[in-house]
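Subject: Structure handover and notes

Dear colleague,

I am passing on the structure we spoke about, together with my notes on what I found when I went through it. Please read the notes with the model open beside them.

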Amino acid sequence: MMLLIALAVMMTATIAVHLGLPQTISNVVSRVCKCHKCLSFWVTLAVLLLIGCNIIIAAMLSLAMAYMSNWFGMILV
């Protein structure tokens, strides 16, 4: 069973590289990491979802935190 899983993962990774998926993902992640609002939104959303928060509440709080990151950034400057 483990051999079949390993084989499926290898085939999926190879196809993904052939299609350029890892490069596209890294470009998107790179853009997100350059923007404090985007990074605040996605990290807040991920953490809230990981701890079991309702998706609607998590999305609303993430939007609010992305907005508040502007004000926090001004304090740091």
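A nonpolar core is taken here as a set of buried Ala, Val, Leu, Ile, Met, Phe, Trp, Tyr and Cys residues joined through side-chain atoms within 4.5 Å. Please bear in mind throughout that this is a predicted model.

With that definition, the largest nonpolar core consists of 5 residues, namely Phe 41, Leu 45, Leu 48, Ala 58 and Ala 66. Helix H3, which runs over residues 36-50, and helix H4, which runs over 55-76, each contribute at least two residues to this core, and the largest share, 3 residues, comes from H3. For Ala 66, once the neighbours within four places in sequence are set aside, the residues in contact are Lys 37, Ser 40 and Phe 41.

Two serines of helix H4 deserve a separate look. Ser 62 has its place in helix H4, and it counts as buried because its relative accessibility is 0%, where the cut-off is under 20%. A polar atom of the Ser 62 side chain lies 3.0 Å from the backbone nitrogen of Leu 45, and Leu 45 is itself one of the core residues. Not counting residues up to four places away in sequence, Ser 62 touches Phe 41, Thr 44, Leu 45 and Leu 48.

Ser 69 is likewise placed in helix H4, and with a relative accessible area of 10% it is buried as well. The polar partner of the Ser 69 side chain is the side chain of His 36, at 3.2 Å. Leaving out neighbours within four places in sequence, the residues in contact with Ser 69 are His 36, Lys 37 and Ser 40.

Next, the aromatic side chains, of which the structure holds 2 pairs. Phe 41 and Trp 42 form an edge-to-face pair, with 4.9 Å from centre to centre and 85 degrees between the planes. Phe 41 counts as buried at 18% relative accessibility, whereas Trp 42, with a relative accessible area of 48%, is partly exposed. In the other pair, the ring centres of Tyr 67 and Trp 71 are 6.5 Å apart and the planes stand at 70 degrees, so this pair is edge-to-face too, given that the class requires an angle over 60 degrees. Tyr 67 and Trp 71 are separated by about one helical turn, because they are 4 residues apart in helix H4. Trp 71 has a relative accessible area of 48% and is therefore partly exposed.

Finally, some notes on helix H1. This helix covers residues 2-19, and at 1.5 Å a residue its 18 residues should span 26 Å; the C-alpha atoms at its ends are 26 Å apart, so the two values agree. After H1 comes Gly 20, whose phi is positive, near 85 degrees. His 18 has its place in H1 and counts as exposed, because its relative accessibility is 72% and the cut-off is over 50%. Between His 18 and Ile 51 there are 33 residues of separation in sequence and 35 Å in space, taken C-alpha to C-alpha.

With best regards

Methods: Residues numbered from 1 in each chain as written. Predicted model: local features only at pLDDT ≥ 70, side-chain atom pairs only at ≥ 80, totals over all residues. Heavy atoms only, no water. Buried < 20%, exposed > 50% of the residue type's maximum accessible area, 1.4 Å probe, protein only. Contact = heavy atoms within 4.5 Å. Polar contact = N/O pair within 3.5 Å; in protein donor to acceptor, adjacent residues only side chain to side chain. Expected span 1.5 Å × (residues − 1). Phe/Tyr/Trp six-rings, centres within 6.5 Å; stacked < 30°, edge-to-face > 60°.
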